[in-house]
Every structure is written in structure tokens, then in C-alpha cells.
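Visitor: I would like to learn how to read a few features of a protein model. Please take them one at a time.

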Amino acid sequence: MNDSEIDTAATAGTWTLGDLTVRRIGFGAMRLPQTGEALVPGAVPRDRDQALGVLRRAVELGVNHIDTAAFYFSPLRSANELINRALAPYPDDLVIATKVGQPRDPSGAWLPHAGPRELRGLVEENLRQLGRDHLDLVNLRVVGTAPVAERFGALAELRQAGLIRHLGLSNVTPEHLAEAREIAPVVCVQNMYGLGVCPDQEAFVRHCGELGVAFVPFYALAADGRQAGATGHEHEEVRTVARAHGVTPAQVRIAWTLHQGPHVLAIPGTGDPAHLQANIAAGALRLTTAELAHLDAVHHGTALGGGVTDPSEPG
């Protein structure tokens, strides 16, 4: 199969983050620095050439939205530095989103949440690693339910200074979003959400759409596996839809995510070139009304199908 026969990120359509247009299928860099579990000390570094190749292939396939963070690293690899090495000089339309809030020390251990004074240093760390004079999009990653005004205000000041183009929020509540929007424009919200994952987020997803704010789910594929990745367990309803379309359950999950609204963006991550191509191709998958109803039942835990299948079953 040549590239002209391969579905690209363009098939999923586009959304605007402020004045930046991105394709709704993007790429999440969390899995890139290592194989196996991410965000843990002693993670197994990924082969460098493989990581660089995946990034370059993602852009070749039309991805122009990459989600990263300075705290995405393993003992030998940093996601930001891999992105810089693979893609600089950056394509004009490439949007790199990063996040700051709770850093990790050089050993990989989590540090306390950064206060307003520390946030500038974290922004500058991302600038240095990515080799840029400004960041397209910075999300404030929030831990807990405490007010965010002071910390978000610090990032708003860096936006005014020209170090940041657009601001977003990660791991937040509707109250956080309202609080932040009183200070500066918010172009996106990143929260844990996916098929069967955090159905209580649905009202927030819709609310973001009403405000014109992008909703960018994380762990949409990994679900309860979180940073360890997908467990291999899958509901029979998902497998049934996958078989009907000749695709994988992971592709059905990505397609379901994109069906939740035109403002919902997918950022599946992988270090495997074959998985990358499959993830991007999921943007072309159109689910029927009946299929969406069955999958929504799975999402809400009301499906009457075969339940969770054995992870050893071929997918």
C-alpha cells in the first residue's frame, strides 16, 4: 500500500485552538520516551531511532497537533528533545501543546505542584528543550480542587509577555474553567475521558463545546491502564463493532471519541509505527447511529452484551 492509499489525519476534520487550526487526530508523546509504563522512575528507554521515526511519520500522515510535556521522560529519553530532534525546523502549521504544573525531579520522582513563581521556570524548560522562542499552547495541569486563579494568572502574564500563544487547562473541574476564563481565554481542556472512562465527564464535554473550547481526552485508549497503557481487556460490544468494520477495538475507541462532538480532539500516543498508522486511520471511521447506541451503553455500563473478554483473545 502506498501513501496515497493510506488514510491521513485530514480525514478527521479540523478544529481551531484560538487562531491555530489543528486536525482532530493528533499525537500524544507520553509513550514516546519509553516502552512499557510511562511516568515512573526506571522506565525502559525506547529505541531512539524508532521514536524519531514515529514522530516524522506522524507529520507525514498529516498530524499537526502534538501533545507533550517536559515531565515526559525516561532515564535516557525526553519527549521534548525527541520532538526537537525529529521535527525541527518545525513545519509552519505544526502546533505543539505542552503542560506545566507538577514537575518531576531528574530521577523521575514527582515534586510538589508548582506555584506561580516556579511556573515561569517550567515554561522556560519547555522552550529550551523544544528549541522555540514561544510555546503554541500551554496547559496548566491541576492536581486537586483548589482554586487555580493565582497559578493560571502567572501563565496569563507569560502569555502577555509573548512566551505563550494560547492557554489551556488539564485535569480540571468546570469551576476551574470558569475561574480561568475570568483571567484569560482558554482554548482547550484536557481531562481523562473515553469509551467507558469517566462517563461523569459528559456534561463537561458538552459544556466545553457550547463555549467553543476544545476537549482533549487523555487515557481514552488506555482507560484504567492509564500510563501503563491498554490492558488488552475489551468489551464484546466494542469487538463486535470492530469486526463489522474490519478494524481494531482501539480504532473504534478513537472513532467513538471523535463522535462526541466536533470540538473533541484525539491525541492517541504510541511508539509503534504500525499502531500510529492505525490510530490515524481511525479518523476516517464513521459509526452508525445503532453502533453509537451500543457503544454508549458500554460507556454508561448498561450494555447487555458479552461483557469483558479475555485479554488473550485475538483483537
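Visitor: Leaving aside neighbours within four places in sequence, which residues is D136 in contact with?

Guide: This is a predicted model. In it, D136 contacts L20, L94, V95, I96, R165 and H166, with neighbours up to four places away in sequence left out. D136 sits in strand 8, residues 135-141.

Visitor: Is D136 buried or exposed?

Guide: The cut-off for buried is under 20% relative accessible area. D136 has 4%, so it counts as buried. Its side chain also makes a polar contact of 2.8 Å with the side chain of R132.

Visitor: How should I read a helix, taking helix 3 as the case?

Guide: An α-helix has 3.6 residues a turn, so residues three or four places apart point the same way. Helix 3 covers residues 116-130, and its 15 residues reach 22 Å from first C-alpha to last, close to the 21 Å expected at 1.5 Å a residue. Its buried residues are L119, L122, V123, N126, L127, Q129 and L130. Just after the helix, G131 takes a positive phi of about 70°.

Visitor: What do the buried residues of helix 3 pack against?

Guide: They pack against helix 2 (79-87), strand 7 (95-100), strand 8, helix 4 and strand 9 (164-170). A154 is found in helix 4, residues 149-160. Apart from neighbours within four places in sequence, A154 is in contact with P116 and L119. A154 is buried, at a relative accessible area of 13%.

Visitor: Which residues touch the most other members of the largest nonpolar core?

Guide: That core has 84 residues, and F27, I83 and L155 touch the most other members. Another core lies apart from it, with 13 residues, among them W15, L17, V187 and C188. As for I83, once residues up to four places away in sequence are set aside, it touches A29, L55, I66, T68, A88, Y90, I96 and L130.

Visitor: How many disulfides does the count come to?

Guide: A disulfide is a covalent bond between the sulfur atoms of two cysteines. Here the count comes to 0. C188 is in no disulfide, and the nearest cysteine sulfur, that of C208, is 9.2 Å away.

Visitor: How many salt bridges does the count come to?

Guide: Side chains of opposite charge can pair when their charged atoms come close. The count here is 8 salt bridges. One of them joins the side chains of R57 and E60 at 3.0 Å, N to O. Both residues lie in helix 1 (residues 48-60), 3 residues apart, about one turn of the helix. R57 is buried, with a relative accessible area of 19%, whereas E60 is exposed, with 54%.

Visitor: Where in the chain do D67 and K99 lie?

Guide: The side chains of D67 and K99 meet in a salt bridge of 2.9 Å, N to O. This pair links distant parts of the chain: D67 is in strand 6 (residues 65-67) and K99 in strand 7, 32 residues apart. Both D67 and K99 are buried.

Conventions. Residues are numbered from 1 along each chain as its sequence is written. This is a predicted model: local features need pLDDT of at least 70, side-chain atom pairs count only at pLDDT 80 or more; totals for chains, interfaces and linings use all residues. Side-chain values use heavy atoms; hydrogens and water are left out. Helices (H or I, at least four residues) and strands (E, at least two) are DSSP runs, numbered from the N terminus. Buried means under 20% relative accessible area, exposed over 50%, partly exposed in between (1.4 Å probe, protein chains only). Contact means heavy atoms within 4.5 Å. A disulfide is a pair of cysteine sulfur atoms within 2.5 Å. A polar contact is a pair of N or O atoms within 3.5 Å; within protein, one must be able to donate a hydrogen and the other to accept it, and residues adjacent in sequence count only if both atoms are side-chain atoms. A nonpolar core is a set of buried Ala, Val, Leu, Ile, Met, Phe, Trp, Tyr and Cys residues joined through side-chain atoms within 4.5 Å. The expected span of a helix is 1.5 Å times one less than its number of residues. A salt bridge is a side-chain nitrogen of Lys or Arg within 4 Å of a carboxyl oxygen of Asp or Glu.
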